[in-house]
Amino acid sequence: MYAYDQYDQAMVDARVAEFRDQTARRLAGQLTEDQFKPLRLMNGLYLQLHAYMLRVAIPYGTLSGRQMRMLAHIARKYDRDYGHFTTRQNIQYNWIRLADAPDILADLASVEMHAIQTSGNCIRNISSDQYAGVSADEVTDPRPLAELLRQWSSFHPEFTYLPRKFKICVIASEQDRAAMRLHDIGIELVKKDGEIGARIFVGGGMGRTPMVAPEIRDFVPFGQVVSYLEACLRVYNRYGRRDNKYKARIKILVHELGADEYRARVEQEFAQMKTLGLDPPLAELERIAAHFAPPPYETGLSDAIDLSDRDFAQWVSTQVKPHKVPGYAIVNISLKPIGGIPGDASSAQIDLMADLAERYSFDELRVTHAQNIVLAHVRKADLPALWKALEGADLATANLDLISDIIACPGLDYCSLANARSIPVAQKIAQRFADVGRQQELGELKLKISGCINACGHHHAGNIGILGVDRKGVENYQLLLGGSGAEDVALGQITGPGFDEDGIVDAVEKATDVYLANRTEGERFVDTFRRIGMAPFKEALYA
Amino acid sequence: MPELHSLRDGGEAAELPAVTLEAFAGQSNATAVRIEPGEDARELLPHLDRIALVEVNFPSFGDGRGYSAARILREAGYAGELRAVGDVLVDQIRHMVRCGFDSFAPDQPLDSALVEAVLGRFPGAYQKTVDGIVPIWAKRHGVSHG
């Protein structure tokens, strides 16, 4: 894991002091709310329906037990004893008092954490693959570059007042577990002629105009990634639309210019920028990479797991994934108990996960974009004890990538932008499919719910997506089918007229029935949809 | 007339009427020019040696195009005065300085003590820009900074 040096710590401490001063000026009336808004947003502080919401950065989703415990402490001391893990691999708290915010940032800084640029029209938290460093299929660990980019993007003077927010994702394997091409910039680390570099995609995103990012460059050498990204951002900062908030993301610029023209402008800028010495030396990437060296794995461990307990066996088959080192496994902890709120965890659960990480996983945890937690290095021999401990805290739900492993935005229960509630719909669907056997029969089925067109719940990328809209004052839910945020990235298609709250649950069930009736051996829901198309689903839904 | 804050050596600032970018092209004796957010700062590059003052207008503080304009001018070697005007707020000044601005004439007057505080607050910077600050990565590795 990355550890701050004196420079990093001094920067974060300065940020706390700066925000303390800004908050004091706001509370004293020296700053208007309009002037204060961009400042608080750049520290992750939103004014929501009922209170301030604070979003804390978890860079590329990785954190230590000590940091995790601090998240529990904040939930306990400043909020209502729980936090919400987000699709940006962050955590947010829903009931924060403005006057407490500087103290919370100071608490975070004491464990090398912050809320810098978790909101605002700037470069946001860099996301990455939750299996980084432990999956066999990666060309290198993507996190060192993600950390390098975290530093580069922090307090970037030119790119802090962009037309709109800006999200970057770094992965390093062909399998995409991070929805890379649905980011403003998606980076896939690749090997070319023995050299590692970055394949760059620009202009993806969800929201009201979903787009899959086109490839803008097939290879940027490691030593020029920063200057190439500076060129990408500068073209956006200068030419991105500012006349309409809903057309201000870079995807609209790339779409309106065309990928070729955007690329040409970037290349022109890059030709000049790469000569300016903007890129840190490779030694800096190596310094960071040393922090991500593999932990001291034991050798000679057995791969055997006693699966005689049926519940344990079910959990292992669903939640545990192969690790590249013999005798170890990757464990996914579900934050999606049936009937719960997707991504929520109590401070007691957060503390317990921190303890378990310390005991069983080299003191490290990861947050996934699907709002679950990963312990990446668990000895297979420890799996039964780990499972027992999770089970006692309602954290042993076996539903990874199954229909009840739902991504949902906070929706109208919390969010001032939402048109409809997301959480109750997620709860009802999970209850309808509560039977584990039934979920496993359905197999991989990613269901994602957004409470408005801004698509924070990634509904465009769901195998089944649900979009809540307001229809003449009544909540109404549209159904989308066939989306994917993985390496087979695709945007879902709307089935037709929407449904009411109970109707959408029935509609989801009908869609799964069509799948079960039509699937061939080994086909996932999304495969069957791609093969048979929308018509049979429509027929069943609107008969 | 907005109050002027200058960070230039000796605190001297040009007292010149700045013309629009469009007018500048036709006035070979003009030495001060004002650019608006949608205008291309690169149009000034052939004339940098005769310019003493570039004003960059920020009609609204949230419109960040002027940051790129400033950096482009400095990267091209412009050494004259670079002034941010318009809706310029004290909490933006440090980023502006990092992009090459060295004077400010905001619509709303700035509190000098606060300007000093915000400019002194951060102990370093992660990026190399045009302000001469040695970036943190260079300090870590003793990279010479040219």
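**Entry 1: the hairpin.** I started where β1(A) is joined to β2(A) by a hairpin of four residues. This is a predicted model, so I kept that in mind throughout. I looked up how the two strands pair: β1 (residues 45-47) and β2 of chain A run antiparallel and are joined by three bridges. Opposite A:Leu47 I found A:Tyr52 of β2(A).

**Entry 2: β2 and its other neighbour.** I checked how covered β2 (residues 52-56) of chain A is, and four of its five residues turned out to be buried. I then followed β2(A) to β5 (residues 91-96) of chain A, where four bridges hold an antiparallel pair. In that pair A:Arg55 faces A:Gln92 of β5(A).

**Entry 3: the whole sheet.** I asked myself in what order the strands of the open sheet come. I read off β1-β2-β5-β4-β13 in chain A, five strands with antiparallel pairing. At the edges sit β1 and β13 (344-346) of chain A, each pairing on one side only. From one strand to the next the twist averages 30°.

I also looked at β4 (residues 82-85) of chain A, which pairs with β5(A) in the antiparallel sense over two bridges. There A:His84 has A:Gln92 in β5(A) as its bridge partner.

Helix α3 (residues 65-78) of chain A does, touching β2, β4 and β5 of chain A, and its direction makes about 10° with that of β5(A). Helix α11 (residues 347-360) of chain A also packs on the sheet; it touches β4 and β13 of chain A, and its direction makes about 85° with that of β13(A).

**Entry 4: helix α1.** I moved on to α1 (residues 6-27) of chain A, a helix of 22 residues. From first C-alpha to last I noted a reach of 32 Å, close to the 32 Å expected at 1.5 Å a residue. I listed its buried residues, among them A:Met11, A:Val12, A:Phe19 and A:Thr23. Seen down the axis of α1(A), the buried residues fall within an arc of 170°, so they line one face of the helix.

What covers them? I found that the cover of the buried residues of α1(A) includes α2 (33-41) and α4 (101-109) of chain A, along with α4 (112-121) of chain B. Just after α1(A), I saw that A:Gly29 has a positive phi of about 80°.

**Entry 5: the contact between chains.** I looked up how many residues each chain gives to the contact: chain A gives 32 and chain B gives 29. On the side of chain A that touches chain B, the elements giving two or more residues are α1, α2, α5 (143-153), α6 (225-239) and α9 (282-291) of chain A. The largest share of that side, seven residues, comes from α1(A). By class I noted 17 nonpolar, eight polar and seven charged residues on that side.

Entry 6: A:Gln117 is not a glycine, yet its phi is positive at about 55°. I placed A:Gln117 in the loop between α4 and β6 (127-128) of chain A. Is A:Gln117 buried or exposed? With 26 other C-beta atoms within 10 Å, A:Gln117 is buried.

A:Asp401 is not a glycine either, and its phi is positive at about 65°. I found A:Asp401 in the loop between α12 (383-391) and β16 (407-408) of chain A. A:Asp401 counts as partly exposed, with 17 C-beta neighbours inside 10 Å.

Key:
Residues numbered from 1 in each chain as written. Chains lettered and ligands numbered in written order. Predicted model: local features only at pLDDT ≥ 70, side-chain atom pairs only at ≥ 80, totals over all residues. Expected span 1.5 Å × (residues − 1). Buried ≥ 20, exposed ≤ 12 C-beta atoms within 10 Å, placed from the backbone. Arc of directions from axis to C-beta. Contact = placed C-beta atoms within 7 Å. Nonpolar A, V, L, I, M, F, W, Y, C, P; charged D, E, K, R; others polar. Pairing = 2+ DSSP bridges. Axes fitted to C-alpha atoms, helices over the stretch in contact; angles between N-to-C directions.
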